[in-house]
Amino acid sequence: GWYQQTLPVNDFVNDIFFPDSLNGWVVTNGNFTQNDTGYILSTSNGGSNWTIQYDTIEKLNVIQFVDYNIGYAGGGFGRARLLKTSNRGINWQFTTPFGSNMYSILDLQFINKDTGWICSDDDFGGGVFKTTNGGGTWVRQLNETYRPTKVFFINGDTGWASCNMDRLYRTTNGGINWNLQFTSAFPIESIFFLNGQKGWM
């Protein structure tokens, strides 16, 4: 069965992450043009109660924790907004990883506390970016012409990116090279793989 749970804010949930049945986080939509607040909320009792951990007048799109302490959240409006915590979300540090470039983080995937990828489909400076030092610096691996919206990695080598809404690209060398694997008749909204062979989109 499914049971409706109540958040302490009236906003759209954009992403949800639970490492176990009790502890979890969500991020909400927000709206910069209407001064509407986006939130990071957490629960420690399976969603029966939620606590606001962070708020911003910007859209938050995605959240992931690599362990119970270290987590990342991404979004933004007009410029990329990357948030990182090292104490279960009690405090979040804000960074603008791409200077003054004008785009938002649509998705992120970290395989450990140091190595991860983020993506944006923005026409001006978007693409897939990789970090190997916990978000301190980033290297672009796909440029804005690919218009990536989703990324998913199963390890440090093998991963996928949804690009131009309908194309699935795959890498087997950590994002250095990407090959077109599939073209869909519909937009690819989400990607999930169990291993290098079996997955869904």
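Student: Is Cys119 buried or exposed?
Tutor: Cys119 is buried, at a relative accessible area of 1%. Buried means under 20% relative accessible area, exposed means over 50%, and partly exposed lies in between, using a 1.4 Å probe and protein chains only.

Student: Before I go on, what sort of model is this?
Tutor: It's a predicted model, where local features need pLDDT of at least 70 and side-chain atom pairs count only at pLDDT 80 or more, while totals for chains, interfaces and linings use all residues. Residues are numbered from 1 along each chain as its sequence is written, and side-chain values use heavy atoms, with hydrogens and water left out.

Student: Okay, new topic. Which residues make up the largest nonpolar core?
Tutor: There are twelve: Val62, Ile70, Tyr72, Ala80, Leu82, Tyr103, Ile105, Leu108, Phe110, Ile118, Phe129 and Trp138. The elements giving two or more residues to this core are β7 (80–85) and β9 (107–110). By nonpolar core I mean a set of buried Ala, Val, Leu, Ile, Met, Phe, Trp, Tyr and Cys residues joined through side-chain atoms within 4.5 Å. In soluble globular proteins, nonpolar side chains tend to be buried together.

Student: What does Leu108 touch?
Tutor: Skipping residues up to four places away in sequence, Leu108 touches Val62, Gln64, Tyr72, Ala73, Gly74, Leu82, Trp117, Ile118 and Val151. Contact means heavy atoms within 4.5 Å.

Student: Gln64 is on that list. Where does Gln64 sit?
Tutor: Gln64 belongs to strand β5 (residues 60–65). Strands (E, at least two residues) and helices (H or I, at least four) are DSSP runs, numbered from the N terminus. Gln64 counts as buried, at 11% relative accessibility.

Student: What does the side chain of Gln64 reach?
Tutor: The backbone nitrogen of Phe110, at 2.7 Å. That's a polar contact: a pair of N or O atoms within 3.5 Å, where within protein one must be able to donate a hydrogen and the other to accept it, and residues adjacent in sequence count only if both atoms are side-chain atoms. Setting aside neighbours within four places in sequence, Gln64 also has contacts that include Phe17, Gly71 and Gln109.

Student: Let's do sheets. In what order do the strands of the sheet with β9 come?
Tutor: β9-β10-β11-β12, four strands in an open antiparallel sheet. The edges are β9 and β12 (139–142), each pairing on one side only. Two strands pair if DSSP finds at least two bridges between them.

Student: How many bridges join β10 and β11?
Tutor: Five, between β10 (residues 116–120) and β11, in the antiparallel sense. Gly116 has Thr131 in β11 as its bridge partner. In the hairpin of β10 and β11, with six residues between the strands, Gly125 takes a positive phi near 95°.

Student: And what about β11 and β12?
Tutor: β11 (residues 127–131) and β12 are antiparallel over three bridges, and Val128 stands opposite Leu142 in β12. Five of the five residues of β11 are buried, so this strand is largely enclosed by the rest of the structure.

Student: Which strands form the other sheet, the one with β13?
Tutor: Four strands in the order β13-β14-β15-β16, open and antiparallel. Here β13 (148–153) and β16 (179–183) are the edge strands, each pairing on one side only. β15 (residues 167–171) and β16 pair over four bridges, and Leu168 has Phe182 in β16 as its bridge partner.

Student: Last one: where is Thr96 found?
Tutor: In the loop between β8 (93–95) and β9. Thr96 is partly exposed, with a relative accessible area of 24%. Not counting residues up to four places away in sequence, Thr96 touches Arg79 and Ala80.
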